[in-house]
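Thanks for asking me to look this one over.

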Amino acid sequence: MKVILSVLAFAALAQAHFTMQYIWVNGQDEGQNNYIRVTPNNNPVTDVTSKDLTCNVNGLSGASVQTVSIPAGTNLTFEWHQHAQRTGEDPISGGHKGPVQVYIAKAPSTAASFDGQGTVWTKLYSSGLLNPSSQQWATDVVNTNGGKHSVVIPASLPAGEYLLRAEIIALHVAQSYPGAQFYIGCAQVKITGGGSASPPTIALPGAYKPTDPGITVNIYNNLQSYTAPGGAVWSG
Ligand SMILES: [Cu+2]
């Protein structure tokens, strides 16, 4: 009976998915779903070859989404929730364990018309297994911080319009593929100022493989180190 109850509890936890709902620009809340390509529900993407890996379901166009102007060097915060609310529950639910990453891709013209396909994404941030002995993950910090995590937009990025892609990978059922849950939120930004860097890029989908050790992994076997998919962070 005890086993059945814990299986049920685990299943309930796993159902409590989440979405990216707010961005903050230099500490200012920009409002729910503003500048964000909103997904139809809070389910994760599990197929790493799907175009949904780019900017989630219905994320290939932002025709009805505004683009926010930000100076290069901005501190940008992403905020995630299970449902359309900020209080009363764990922001992303404690059962979701895994890395938090942020990518950026320069649009050829406008961010709103950019589908994010091709080798266009630069990794700006990655946080994974923070403490092997306590098994603390980046997701635990997001829960503690009210669903928030932040990145500084490198001042050397050229001016122009971009897609910013935040990603949380939940690994609680990642022992086999498909299993890892990709939670993705894309925001449309216009960087002003900036520099002349040409950072390294990868494709999403494209760079992630089902066999990546950061995608198919048993995190409940005394995991001592973790390598997130998508390669190294570019620090500007
Ligand atoms: Cu979930």
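1. A definition to start with: a residue is buried if 20 or more other C-beta atoms lie within 10 Å of its own, exposed if 12 or fewer, and partly exposed in between, with C-beta atoms placed from the backbone. Helices (H or I, at least four residues) and strands (E, at least two) are DSSP runs, numbered from the N terminus. By these rules 10 of the 12 residues of strand E11 are buried, so E11 is largely enclosed by the rest of the structure.

2. Please keep the ground rules in mind. This is a predicted model, in which local features need pLDDT of at least 70 and side-chain atom pairs count only at pLDDT 80 or more, while totals for chains, interfaces and linings use all residues. Residues are numbered from 1 along each chain as its sequence is written.

3. On confidence, pLDDT is the predictor's confidence in each residue, from 0 to 100. The protein has a mean pLDDT of 94, and 94% of its residues reach 70 or more. The stretch to treat separately is residues 5–14, where the pLDDT is below 50. Beyond near neighbours in sequence, that stretch has 5 contacts in the model; two residues are in contact if their C-beta atoms, placed from the backbone, lie within 7 Å.

4. For the overall picture, the protein has 3 helices and 12 strands. Its radius of gyration (taken over C-alpha atoms) is 17 Å, close to the 18 Å that the globule rule gives for 236 residues, so the protein is as compact as a globular protein of that length. That rule is 2.2 Å times the number of residues to the power 0.38. The C-alpha trace spans about 60 × 35 × 30 Å along its principal axes, and buried residues make up 40% of the 236 residues. Of the contacts between residues at least 6 apart in sequence, 77% join residues at least 24 apart.

5. From the records, an unreviewed UniProt entry lists residues 17–225 as "domain: Auxiliary Activity family 9 catalytic". UniProt positions are given in the numbering used here, feature names are shortened, and annotations may be inferred rather than shown by experiment. Over residues 17–225 the chain is 5% helix and 34% strand, with its end C-alpha atoms 25 Å apart.

6. Now the sheet that holds E11. Two strands pair if DSSP finds at least two bridges between them. An open sheet of 6 strands runs in the order E3-E11-E10-E5-E6-E12, with mixed pairing. Strand E3 (68–71) and strand E12 (202–203) stand at its edges with a single partner strand each, so one side of each is left without a neighbour in the sheet. E3 and E11 run parallel and are joined by 4 bridges, with Ser69 opposite Lys190. E10 and E11 are antiparallel, joined by 11 bridges; there Ala170 has Gln181 as its bridge partner. E5 and E6 are also antiparallel, with 6 bridges, and Tyr103 stands opposite Lys123.

7. A second open sheet has 4 strands in the order E2-E1-E4-E9, with antiparallel pairing. Its edge strands are E2 (28–29) and E9 (148–152), each pairing on one side only. E1 (residues 19–25) meets E2 over 2 bridges, and Trp24 stands opposite Asp29.

8. Which residues have the most contacts inside the largest nonpolar core? They are Tyr162, Leu163, Leu164 and Ile168, in a core of 55 residues. A nonpolar core here is a set of buried Ala, Val, Leu, Ile, Met, Phe, Trp, Tyr and Cys residues joined through C-beta atoms within 7 Å. Elements giving two or more residues to this core include strand E10 (160–170) and strand E11 (181–192). Leu163 touches residues including Cys55, Phe114 and Cys186, not counting those up to four places away in sequence.

9. Finally, some backbone details to check. Most residues other than glycine have a negative phi, and most peptide bonds are trans. Tyr177 and Pro178 are joined by a cis peptide bond with omega about -5 degrees, and Leu204 and Pro205 by another with omega about 10 degrees. In the loop between E2 and H2 lies Asn33, with a positive phi near 65 degrees. Tyr35, in the loop between E2 and H2, has a positive phi of about 70 degrees. Asn33 is partly exposed, with 15 other C-beta atoms within 10 Å, whereas Tyr35 is buried, with 23.
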